[in-house]
Amino acid sequence: MLQCHYWVATVPKKGSTEEENEDFYFADHSAESEGIPSVKFALSDGATESAFSGIWAEYLVINFEKHSFDKTLELAIADWNRETQKQELPWYLHNKILDGAHATFLGVELNLVEHQANVVAVGDTNFFQIRDNFLIKAFPVDEPSGFNNQPNLLASVTTQQTPLDEIKYESKNLALNAGDTLILATDALAHWLLIRCTKDNKPWSTLIEMTQSDDFEQQFVNWLMQTRQDKAIKNDDTTLIIIKLTDGLSKG
Amino acid sequence: MPYSAEISREAPSCFVFVIDQSGSMSDKFVSIGTPMSQAVADTVNRFLQQLVIMCAKADGVRDYYYISVIGYGAGGVRPAFTGGLANVELAPLSQIANNPARIEERTKKVSDGAGGLVQTTIKFPIWFDATAAGGTPMREAFSKANQIIERWLTEHPNCFPPVVIHITDGESTDGDPSAEMQHLQSQASSDGNIILFNVHTSARSTNPISFTASAAQLPDQYALMLYNGASVLPDFMRKTAMEVLGYELNEGAKAFVLNGDIDLVVTAIEIGTRPKLLR
């Protein structure tokens, strides 16, 4: 069976506060424990254009911890409606919430016993699988041109939802090996990765090296600030989850 | 590359409306039976609403834009907001959001998600009322727009360039505004020149001309003056126009409408104000 180790960092866009960061993630607290048969990770990027998209993203990742994707969506919609209807809203929010909130969603479930992953992804928050220093899977976006300003999104109001049966949002039974590294990234970083992949730069090395540091988060923040300053990455809320898979100790 | 600056709270941009409120604006658009002044006021109120809603987040409205609405007519040239914003020349969007003169409730039909429609109530704030009286001091109005833009650019030298939208149905009664228009067009931030729309509207809307790249078809000197005063649409706005109008505009197409009905006024505003690079 496999064991997993993970690192997370999330940074608001330049000019926004920590509280305004609309990227939300869930990482199973027990993920690094030995002998855990399966673990879940989720990442969601609330759309700048909608209101209450931060809490929408948050409810999506929270509900994914204990539920299937379909159930997650159903529960998150109920949570979001309850939250937005409990207060008297100014006219502009009263009108705006009729269109709901929008967010991307990436949910990953790793079956560490069967060495398999199921990935569900709506939008441009992306999953990458690296094996032997090669990118073997990028999902749902697999080329830089796949990043534009109109990604597929999950909507908190069902009438605003892009029909999910029209997009490929699931990748099931992906084979996992000990030594694989999985990267979950919101769009700015995912775009950066894919652009550099096309130049055969193995850009993931830069990110994976940071896991050697005692302060992964600070390393990532420093790198991101510099990369933004160099205008090599879009100024956006940015979240990175790195998951390394190793051979786990078999339990007697 | 011009017109590539991000619009953010730290680096906001601005929209200035210059609106003819002279007596002739009380004529009714033949197509809809509403006075031009009223249709234009509704259009500007609706635009402000949509912009506020677009920039609204759960914790309030973000000041990505500052807005000025200048009217010219019987009272000379003055800020056209009413209510809490009366006499305010330029206001951040959050101040506009929180200070409508009044809020009306209107019903709207929306999809119920199952192929049907349900009725819902939306709030319809009003900042700006229809006015139509007196002459057409267009030159002075552009002088005021120049002052507002000069001050704005001094304070925001690297901003995404402001857009000025001038809506009129008549000829200037205080002299030739051409020099003021040329000066306005020439003002620039480090990201590019401001963009001036000259949108001429008329009750009958006969022989409308819009976003043309050539002066050849213009009927008279007055039309030529408005055409010359208008900016050439930058490439990104021609792309927006393609989305809004569904057809391509020639390079050199101007931010210019002649004899437009209210739909063309709305189209011009949409092309001129569709946001870009909000952060």
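Over all chains, 16 aromatic pairs are counted, where rings of Phe, Tyr and Trp (its six-membered ring) pair if their centres lie within 6.5 Å, planes under 30 degrees apart being stacked, those over 60 edge-to-face and the rest tilted. The structure is a predicted model, in which local features need pLDDT of at least 70, side-chain atom pairs count only at pLDDT 80 or more, and totals for chains, interfaces and linings use all residues. Residues are numbered from 1 along each chain as its sequence is written, chains are lettered from A and ligands numbered from 1 in the order in which they are written, and side-chain values use heavy atoms, with hydrogens and water left out.

One of the aromatic pairs is formed by A:W192 and A:W223, which are arranged edge-to-face, with 4.8 Å from centre to centre and 80° between the planes. A:W192 belongs to helix α4 (residues 187–197) of chain A and A:W223 to helix α6 (residues 216–229) of chain A, so the pair ties together parts that lie 31 residues apart in sequence. Helices (H or I, at least four residues) and strands (E, at least two) are DSSP runs, numbered from the N terminus. A:W192 is buried at a relative accessible area of 7%, and A:W223 also counts as buried, at 15%. Here buried means under 20% relative accessible area, exposed over 50%, and partly exposed in between (1.4 Å probe, protein chains only).

In chain B, B:Y66 and B:W152 form a tilted pair, 5.1 Å centre to centre with 50° between the planes. Because B:Y66 lies in strand β4 (residues 65–73) of chain B and B:W152 in helix α3 (residues 138–155) of chain B, this pair ties together parts 86 residues apart in sequence. B:Y66 is partly exposed, at 23% relative accessibility, whereas B:W152 is buried, with a relative accessible area of 2%. Ring pairs also link A:F64, A:F69, A:F105 and A:Y169 into a cluster.

Chain A as a whole contains six helices and twelve strands. Its radius of gyration, 18 Å, is close to the 18 Å given by the globule rule for 252 residues, so chain A is as compact as a globular protein of that length; the radius is taken over C-alpha atoms, and the rule is 2.2 Å times the number of residues to the power 0.38. The C-alpha trace of chain A spans about 55 × 45 × 35 Å along its principal axes. Of the 252 residues of chain A, 54% count as buried. Among contacts in chain A with a separation of 6 or more, 72% are between residues 24 or more positions apart, a contact being heavy atoms within 4.5 Å. Chain A exposes about 11500 Å², of which carbon and sulfur atoms supply 45%.

Two further buried residues of chain B were examined. B:A97 is placed in helix α2 (residues 93–98) of chain B and is buried, with a relative accessible area of 1%. Not counting residues up to four places away in sequence, B:A97 touches A:W91 and A:Y92 of chain A as well as B:V52 and B:V61. The C-alpha atoms of B:A97 and B:D174, 77 residues apart along the chain, are separated by 34 Å.

B:D191 occupies the loop between β10 (188–189) and β11 (192–193) of chain B. B:D191 counts as buried at 7% relative accessibility. Leaving aside neighbours within four places in sequence, its contacts include B:M1, B:P2, B:Y3, B:S4 and B:A5, together with B:N158, B:C159, B:F160 and B:P161.

Technical notes. Areas by Shrake-Rupley, 256 points an atom, 1.4 Å probe, with all protein chains shown as cover.
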